[in-house]
Amino acid sequence: MTAMPHPPLTQEDILLEGFLALDTPEGFRAELIEGEIVVTPPPDGDHEHYISRIVRQVIRRAATEMDVSGNKGLTLKGVPAAPKDHVIPDATFAPAWRSLFLGAAPWMPCDGVALVLEVTSTRPGADREVKPRCYARGGIPLYLLVDREDSAVTLFTDPENGDYREQHRVPFGKTLCLPDPFGFDLETDGFI
């Protein structure tokens, strides 16, 4: 029997293997974003309050019935010379008819995801600047950001060439139109 030589591991391979082998403390989550491992602590109650308000409205009011997953691992196209991004949005929405989450691996491709939601926490800059690039590279049509420091909600739409071409921002207390497949005005008065 002859041993077949294996190609040498690249830096990207080593980083991805190390990331996937991480054993984070309970409640913490680890993401691989643009070649950097990011670990975040469990969220506070206010963070979860915003998510709850949005999920409740989507379930009750969306034109298309939606499935929602909290903290679902997604793989996205990475930047050159880095492994694929591995992100965990605060909430991931997909049309229910797709049954996208049924049988999905812990890290699943983002094909079929309609919207991802992030609420700023310990690294608001990443949610404002880095995550939009990641989600746009993945082709996710809608990225909803609740910015607690700025008391505003921003909807990023129309991903192209690794960026969103449109941004719609409203202060807390105003409504924000969520386009199809959601087709309703998101109320943010419960965020104040």
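This is a predicted model: local features need pLDDT of at least 70, side-chain atom pairs count only at pLDDT 80 or more; totals for chains, interfaces and linings use all residues.
Residues are numbered from 1 along each chain as its sequence is written, and side-chain values use heavy atoms, without hydrogens and water.

**Helix 2**

I looked up the length of helix 2, residues 45–61. Helices here are DSSP runs of H or I with at least four residues, strands are runs of E with at least two, and both are numbered from the N terminus. The expected span is 1.5 Å times one less than the number of residues. For the 17 residues of helix 2 this gives 24 Å, and the end C-alpha atoms are 24 Å apart, which agrees.

Next I listed the buried residues (under 20% relative accessible area, 1.4 Å probe, protein chains only). In helix 2 they are His47, Tyr50, Ile51, Ile54, Val55, Gln57 and Val58. They lie on the same side of helix 2 because they cover an arc of only 160 degrees around the axis, taken from the directions from the axis to the C-beta atoms. On the other side, Gly45, Ile59 and Arg60 are exposed (over 50%).

**Cysteines**

I searched for disulfides (pairs of cysteine sulfur atoms within 2.5 Å) and the count was zero. The sulfur of Cys110 is 11 Å from the closest cysteine sulfur, in Cys134, which is too far for a bond. Cys110 is buried at 6% relative accessible area, and Cys134 is buried at 0%.
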